[in-house]
Amino acid sequence: MSGVWEFNNGVIRLVKNPQADGRQGSKKKVLVHLPTGEVVSSYSFLEQILTGLGWERYYDGDPDLYQFHKHSSIDLISLPKDFSKFNSINMYDIVIKNPNVFHVRDK
């Protein structure tokens, strides 16, 4: 939660700032696969791309996560099992670990 504390007539209250919260008022983000220009709209499509880049599914027993590991690195990509919870933090994690392959943009 973010905002500004406002003092008025002896009463202090928090006035919320939805722009800074990241969940309200900000634009929805999408992950774009640069070589094809396609928006990643499902985990099956994302897994197909990641597999082609050398990533493999990693099974650690957590039923709430999809995870991918690359043998040539120590990196691990962890994603919520429910695609509707796939957010910009997950997207930027993928972008950082796969430079020049993905891009995050406003929907």
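Which strand does Ile12 lie in? Ile12 belongs to strand E2, residues 11-16. The model is a predicted one.

**Surface patch.** Ile12 is exposed, at a relative accessible area of 53%. Together with Trp5 and Phe7, Ile12 makes a nonpolar surface patch of about 420 Å².

**Gln67.** This residue sits in strand E6, residues 65-70. Gln67 has 5% relative accessibility, so it counts as buried, the cut-off being under 20%. Its side chain makes a polar contact with the side chain of Ser78, at 2.8 Å. Beyond its neighbours within four places in sequence, Gln67 is in contact with Glu56, Arg57, Tyr58, Asp60, Leu76, Ile77 and Ser78.

**Helix H3.** Helix H3 covers residues 88-97, and its buried residues are Asn90, Met91, Ile94 and Val95. Viewed down the axis of H3, these buried residues fall within an arc of 140 degrees, so they line one face of the helix. In an α-helix there are 3.6 residues a turn, so residues three or four places apart point the same way. The face of H3 turned away from the buried side carries two exposed residues, Ile89 and Ile96. At the N-terminal end, Asn87 caps H3: a side-chain oxygen of Asn87 lies 3.0 Å from the backbone nitrogen of Ile89.

The buried residues of H3 pack against these elements:

| Element | Residues |
|---|---|
| strand E3 | 29-33 |
| helix H2 | 43-52 |
| strand E7 | 76-80 |
| strand E8 | 102-106 |

Methods:
Residues numbered from 1 in each chain as written. Predicted model: local features only at pLDDT ≥ 70, side-chain atom pairs only at ≥ 80, totals over all residues. Heavy atoms only, no water. Patch = residues over 30% accessible without salt bridge, like charges linked within 9 Å, V, L, I, M, F, W, Y side chains within 5 Å. Areas by Shrake-Rupley, 256 points an atom, 1.4 Å probe, with all protein chains shown as cover. Salt bridge = Lys/Arg side-chain N within 4 Å of Asp/Glu carboxyl O. Helix = DSSP H or I, 4+ residues; strand = E, 2+ residues; numbered from the N terminus. Buried < 20%, exposed > 50% of the residue type's maximum accessible area, 1.4 Å probe, protein only. Polar contact = N/O pair within 3.5 Å; in protein donor to acceptor, adjacent residues only side chain to side chain. Contact = heavy atoms within 4.5 Å. Arc of directions from axis to C-beta.
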